[in-house]
Amino acid sequence: MNAFSHVQIINGPNGEPVYVVIPYSTYMQTQSRQKDTDVPHQVVGMIADNAWTPARAWREYLGLTQLEVATRIGISQPAYAQQEVGLRPRRSTRERIAAALGIAPRMLDL
């Protein structure tokens, strides 16, 4: 449980709480955690509309080619293409693909 300290509650005219003021550092921590869990709507749409794998949807969303991602991973483009169409790559493979895309590995678990 996250217990906030130094929290200020601002009440409205009727005395009911309206706003909570938290330290900026706490806010930034919540934002960085949120970035690791939010999948853009466009990525979800590409997966649903085109029946693409999460790896392909993320690559297309980020504007990368298979060759660029393969080079970042250190494998050939054909080898990466096989990984991208696989329904559920191994964990270590997902971690390498996620690192190449600059996203958290769990964002490929859609």
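**Close-up 1. R56 in the predicted model.** R56 has 29% relative accessibility and therefore counts as partly exposed (buried means under 20% relative accessible area, exposed over 50%, partly exposed in between, with a 1.4 Å probe and protein chains only). R56 pairs with E60 in a salt bridge, with 3.5 Å between the closest N and O atoms. A salt bridge here is a side-chain nitrogen of Lys or Arg within 4 Å of a carboxyl oxygen of Asp or Glu. Both residues sit in helix α3 (residues 54-61), four residues apart, about one turn of the helix. Helices (H or I, at least four residues) are DSSP runs, numbered from the N terminus.

**Close-up 2. E60 and R59.** A salt bridge also joins E60 to R59, at 3.4 Å from N to O. E60 is partly exposed, at 31% relative accessibility. R59 is buried, at 7%. A network of salt bridges links R56, R59, E60 and E84.

**Close-up 3. R94 and D109.** The closest N and O atoms of this salt bridge lie 3.0 Å apart. The pair links distant parts of the chain: R94 belongs to helix α6 (residues 91-101), D109 to the segment after α6, 15 residues apart. R94 is buried at 11% relative accessibility, while D109 is partly exposed at 38%. The structure holds five salt bridges.

**Notes to all views.** The model is predicted: local features need pLDDT of at least 70 and side-chain atom pairs count only at pLDDT 80 or more, while totals for chains, interfaces and linings use all residues. Residues are numbered from 1 along each chain as its sequence is written, and side-chain values use heavy atoms, leaving out hydrogens and water.

Note on methods
Helices (H or I, at least four residues) and strands (E, at least two) are DSSP runs, numbered from the N terminus.
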